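Below are some notes on one chain and its neighbour. They start with a pair of helices and then turn to the interface and the overall fold.

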Amino acid sequence: MEKSSVQFKANSEDIQRVLTNFPTQPFKDKEFVLSFHELMVRNRVLEEKLIRMAKSQDGFFWIGGPGEEAFNISLGLQVKKGQGLDFDFLHLHYRNNGCLLAMGSPMIDFIRQMRTVKTDPFSGGRNFTAHVCKKEWNTLPATSTIETQFSIAPGTARAQMRRRKKAGDSGVTIVIGGDAGTAEADFATALIWSSRPQEELPLLMIVTNNQYGISTPARTQHGEKNIADRAKAYGIQSATANGTHAEKAWSAVETALDYVRTTGKPYLLELSVSRLYGHSSSSGANRIDEECPIENIENKILKMNWLNKEAIQKIWESAKQEANAAQEVARGEDYPDANTIYHHSFSNKNEGGLPGRDF
Amino acid sequence: MANMAQAIRLALHYGEKHYGVTDIFGEDVGAPQGGVFTCTQGLETAWNTPLDERGIIGTAMGLALAGEKPIAEIQFCDYIFNTIDLLKLAGNTNWASNGQFPMDMVVMTPHGAGIHGSIYHSHSFDAWASRLAGWKIVIPSTPLDAYGLMLSAIQEKNPVMYLIPKALLRTKGTEIIPGEPDEKSLKELIDAPIGDRSEWKAQWPDIQEKLIPIGKSKSTREGKNATIVTYSRHVAMAEKVANKLAAKGLGETRVIDLRTIYPYDWSAISNAIVETGRILFINEDTEITNFAEHLIRRTLEEHYYELKARPRMLAAKHTPGVGLATTLEENTVPQEKDIERELRALLSEAT
């Protein structure tokens, strides 16, 4: 399997070398853990920068995934990255900036989207923050509509199933959503369509369970003990795992991906995660006292004497400098031209609007 | 002469053979049924899905995003409403991604009343569909148009909603599909037999490409005194009424078969207004926020001083459904008598 390469501003060569050649036991490997940690820090610093931008009129709304770094970095590094059926398709939701960051997107991509400048590589200033996409990496557009990605994912997975039957191999499809969204019919769609007899799909369904739908505790709305249990009725392999410990998150993603790649069959992985800044701007985006995955990995680093507190602080400062520099660049860039509102309504850039009237 | 169901089937086969169609799918679309209206019998890539419209539309989107060429069917447009957010997404994905992800897919679905389909097999979807920005919406009125519009829909790189006038599926046209054999031979070649079909395979005639361009209407009857703009099963009804009134010396009416709801052929409508000064829009969707109301808005904004009479719209009454009894259905969706009433009034209104 081709591993992700990471384009990293700080220590890029070292980190790229480590993260493109995973050690057999990565979390016993100092270089790997430090690289992984640095990505988690950059992910958190990015999210905190985006929150500040939203609160200071440098953007409009924030939503993201602080508290899910261990999972997002684990996934981003293990994705088979590329374009076309031989590579993995990613149907992300709006808490997965870290996944794309780990795959190699620079911080400035996300900051440009928050700033709504025309250089925003995901939507050209059209969409909310964390609504990412990248064609070269099969990363399909994240949407605000909850769980619809679970209805769409069987399509890319079906194309890959066909590819596997013809060529013997293919990438797999990965779809991610939150716990509350599993109440939508789309979740059942993914379970049913991925487990049709004789046409099972290479589909990894991941639910990051932060225990909330905006302000509503999941335990007040769902009767099942684990969301992953719902896979059993369809004969789908499933697991629950701790998504706030990097090693456990990594291992759970590795096991799930390996199963889907090897068998071509679906898998449902439920990861418990934290939601460290609430749901979004709508709930204030203030820090909440929940388990922090970065503190977890830093405790390990300190315990192993791989870095001291001062060295860890330098990593944070370096990431903040990167985010600040990116923000300054984005602040100097133009917003989309007002007369481009119809552009890309269709694949032909010049179609759209009122028929017979130029725009 | 092929009927419309056969014409659609031939087009889908042509798409499989020449345009790389990878999946034709929906409820009862694959063998042995081949579609509840037989439009997908014998097709190589046809397959049956769970009874899940959201899964059908979503899977079509996923296939398109993966670079495949899907054609999905919603068995009746009455059952498409629970997919409306996915249809919105299909229409906005290219736009929202700033041009990164075109959505190359076709959704076909039977539409309209006229078969005594009761409340949930008589819905129209043209007005709803017209609000789905990012989609192209087509609706044929003849077998040849059904064939040619489907080929264009498949070739299109954007999502296309292909509305099938279910009341016309058994009607035959007056124009031959290129390569189409005689009626008896065609039936023997491509219609699945009654009973056991397990060994049956379609024998496809050597048909040729005939494209009906999306966005291009057709004048099916010329006239200088008034214009009717319509589509689907009301084209033939409008022609019949226009002929009747012309024979009575009440005026010559141009009939425009719009064929595409979006992007509609405004040029043809606009020219017709200038040339005839009187215009009647007809369709069978419910009358409040009807697509024709938009066309009347443009008529007034752009041609107010060229009109010789007030523009009119004839559409279905704003009822929650189409009642099953003939008396109810005929008093809900436009009939020939309604068209005649409106056209007489339009032609006779003093300038």
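1. Helix H8 (residues 266-276) of chain B packs against helix H9 (residues 291-303) of chain B at about 55°, the axes being 11 Å apart. Axes are lines fitted to C-alpha atoms, for helices over the stretch in contact, and angles run from 0 to 180 degrees between N-to-C directions. H8(B) is therefore oblique to H9(B) (under 35 degrees is roughly parallel, over 145 roughly antiparallel, 65 to 115 roughly perpendicular, the rest oblique). Helices are DSSP runs of H or I, at least four residues, and strands are runs of E, at least two, numbered from the N terminus.

2. This is a predicted model, in which local features need pLDDT of at least 70, side-chain atom pairs count only at pLDDT 80 or more, and totals for chains, interfaces and linings use all residues. Residues are numbered from 1 along each chain as its sequence is written, with chains lettered from A and ligands numbered from 1 in the order in which they are written.

3. Across the interface, 35 residues of chain B are in contact with 33 residues of chain A (C-beta atoms, placed from the backbone, within 7 Å). On the chain B side, H2 (53-65), H3 (84-96) and H8 each supply at least two residues. H2(B) gives the most, with 9 residues.

4. Chain B has 11 helices and 12 strands. Its C-alpha atoms fill a box of roughly 65 × 50 × 40 Å along the principal axes. Of the contacts in chain B with a separation of 6 or more, 77% join residues 24 or more positions apart.

How values were computed:
Two residues are in contact if their C-beta atoms, placed from the backbone, lie within 7 Å.
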